[in-house]
Amino acid sequence: MPDISSYVNDAGDLNEILKVRREKLKELKDNNKDPFKIVKYNVNSSSSQIIDNFEEMEGKLVSIAGRIISKRGMGKASFCDIQDRDGKIQVYVRLDEVGKYSYEDFKKFDIGDIIGVEGNVFKTHSGEISIKAVSLLLLAKSLQPLPEKWHGLRNIDLRYRQRYIDLIVNPEVKNTFITRTKIIKAIRNYLDERGFLEVETPLLNVIPGGAAARPFITHHNTLDMDLYLRISPELYLKRLIVGGLEKVYELGRAFRNEGISVKHNPEFTIMEVYEAYTDYIGMMELAEGLISTVAKEILGTMKVNYQDVEINLEPPWERITMIEAVKKYTGIDFDKINSDEEARGVLQQKGLEFKKDVKWGEVLYMVFEEFVEDKLVQPAIVYDYPVEVSPLTKRKPERPELTERFEIFIAGREMGNAYSELNDPLDQRERFLDQMRKREAGDEEANMIDEDFLNAMEYGMPPTGGLGIGIDRLVMLFTNLPSIRDVLLFPTMRPRQ
């Protein structure tokens, strides 16, 4: 039974409510009126259709269905509000219109019950668009009481655990997830219109690859082998580039067995796109165009208010190298730091913990993450990442210690990651070997060697640009919500005992 005791002042009151509702259901069944035996109800209108088109629909007979969210009785006439997929509408119920027995049944309906209503559209003396019922039918009995709204809004933990209650009580939550669906549809449209092909790749991987992350492990009984939930679709999508599908993308779930926070959920939605014959500059232009266009389509503007800060998504965005960004916000110039040992001295000065064999590029990345990321509020493309933290990325020809990689930062958070993809199979093998050495030294997030991927690359992979965008964080930005749990219908949580 759901834990809703926080909505009722006394546990005894709750028990009594549950008892009464079950008795009402028993009475319905005993009288051959079991609502759960109804398999279909003809709905031809919705609340918004009626309200938005009142002049056309006034006086017409309509049929709608929804959940009772309030009731007001006045002797031989009553009002109730019902909530459907679009919103709510008032229903006027008169004894002489629906008949004695239907009216008596209606008076026993509870808040939360789902009913079907057939009636004529009209406007009350107070000017409220309503439906004058001619027939009513109970379609589902609510055996649990709905929460009193303001208590429900405060109980954040319960809202995440029992999202169905949250969606019933808080219309703005429903709007968040409608917006999420629109964002994903707009992303697909943007890519489809530019000739990209949407594909699907395995969620169960023999080798986890495409990102530095600790994977989830599962077991395949028939094959008697361990498999990994994918941490990224990257290596499969690159195989498709090798195979001649020159513009591909995938939008779906990825899984990373790491911390939970307002920015992280172990199960999340990612969009990854790969295009042959372009590089990370091409991906910069694709990212700017995609995010700004989706914002314009969904919000009607490229200026987004996020947590009381106006963020301007209109291209072009700031473009700054990682070395320049660190120098700008910390005063440390890594162009003048010439050895791993000297770089470690920076970490000592900053009081950061590090492993004794940490390298120059890893130090640069650590300083950036710790002291720069949260300063990047307006859209910024930070590029030219060190090779040590970019095992799948092409080196810069003029500076081989750096790679042609960038990340997108908005509102102090990483929103996307992109490369000029490494297509030299010999260099890729050496990078994988270096990752394996880190793994053997205890780094559970380091990449494994994927021999089949290396074999694919040896057939020839064209110069390619790749981009990944975190959909959940993008939805947070567009809906002005502070936590990733607010944009996931069912966030990962520890079960209650």
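Student: What makes helix 17 (residues 471-479) mostly covered?

Tutor: Count its buried residues. In this predicted model, 9 of the 9 residues of helix 17 are buried. Buried means under 20% relative accessible area. They run from Ile-471 to Thr-479, with Asp-472 and Arg-473 among them.

Student: What comes just after helix 17?

Tutor: Asn-480, with a positive phi of about 60°.

Student: Why are helix 9 (residues 171-193) and helix 17 called oblique to each other?

Tutor: Take the angle. Helix 9 and helix 17 pack at about 120°, with their axes 10 Å apart. Roughly perpendicular ends at 115 degrees, and roughly antiparallel begins over 145. The angle falls between those limits, so the pair is oblique. The crossing of helix 9 and helix 17 is right-handed.

Student: Which residues of helix 9 and helix 17 make the contact?

Tutor: From helix 9 come Thr-176, Thr-179, Arg-180, Ile-183, Ile-184 and Ile-187. From helix 17 come Ile-471, Asp-472, Leu-474, Val-475, Phe-478 and Thr-479. By class, the contact of helix 9 with helix 17 has 7 nonpolar, 3 polar and 2 charged residues.

Student: What residues meet where helix 12 packs on helix 14?

Tutor: Helix 12 brings Met-322, Ile-323, Ala-325, Val-326, Tyr-329 and Thr-330. Helix 14 brings Trp-360, Leu-364, Tyr-365, Val-367, Phe-368 and Phe-371. The contact of helix 12 with helix 14 counts 11 nonpolar residues, 1 polar and no charged ones.

Student: Why is the pair Arg-94 and Asp-96 called a salt bridge?

Tutor: Opposite charges can pair when the charged atoms come close. The cut-off is 4 Å between the side-chain nitrogen and the carboxyl oxygen. For Arg-94 and Asp-96, the closest N and O atoms are 2.9 Å apart, so the pair qualifies.

Student: Are Arg-94 and Asp-96 buried, partly exposed or exposed?

Tutor: The limits are under 20% for buried and over 50% for exposed. Arg-94 has 30% relative accessibility, so Arg-94 is partly exposed. Asp-96 has 53%, so Asp-96 is exposed.

Student: How do you know that Asp-110 and Lys-141 form a salt bridge?

Tutor: Their closest N and O atoms are 2.5 Å apart. That is within 4 Å, so the label holds. The pair links distant parts of the chain, 31 residues apart. Asp-110 lies in the loop between helix 5 (100-107) and strand 4 (114-123). Lys-141 lies in the loop between strand 5 (129-140) and helix 6 (149-154). Both Asp-110 and Lys-141 are buried.

Student: What makes Glu-318 and Lys-328 a salt bridge?

Tutor: Use the cut-off of 4 Å once more. The closest N and O atoms of Glu-318 and Lys-328 are 3.4 Å apart, so they pass. Glu-318 sits in strand 14 (residues 318-321), and Lys-328 in helix 12 (residues 322-330), 10 residues apart. Glu-318 has a relative accessible area of 32%, so Glu-318 is partly exposed.

Student: Which residues do salt bridges with shared partners join into one network?

Tutor: Arg-21, Lys-24, Asp-110, Asp-113 and Lys-141. The whole structure has 39 salt bridges.

Student: Why is Tyr-277 called exposed?

Tutor: Exposed means over 50%. Tyr-277 has 57% relative accessibility, so Tyr-277 counts as exposed. Tyr-277 is in the loop between strand 11 (267-276) and helix 11 (280-299).

Student: Is Asp-384 buried or exposed?

Tutor: Asp-384 has 7% relative accessibility, so Asp-384 counts as buried. Asp-384 belongs to strand 15 (residues 380-386).

How values were computed
Residues numbered from 1 in each chain as written. Predicted model: local features only at pLDDT ≥ 70, side-chain atom pairs only at ≥ 80, totals over all residues. Heavy atoms only, no water. Buried < 20%, exposed > 50% of the residue type's maximum accessible area, 1.4 Å probe, protein only. Helix = DSSP H or I, 4+ residues; strand = E, 2+ residues; numbered from the N terminus. Contact = heavy atoms within 4.5 Å. Nonpolar A, V, L, I, M, F, W, Y, C, P; charged D, E, K, R; others polar. Axes fitted to C-alpha atoms, helices over the stretch in contact; angles between N-to-C directions. Parallel < 35°, antiparallel > 145°, perpendicular 65-115°, else oblique. Left-handed = near helix turned anticlockwise from the far one by under 90°.
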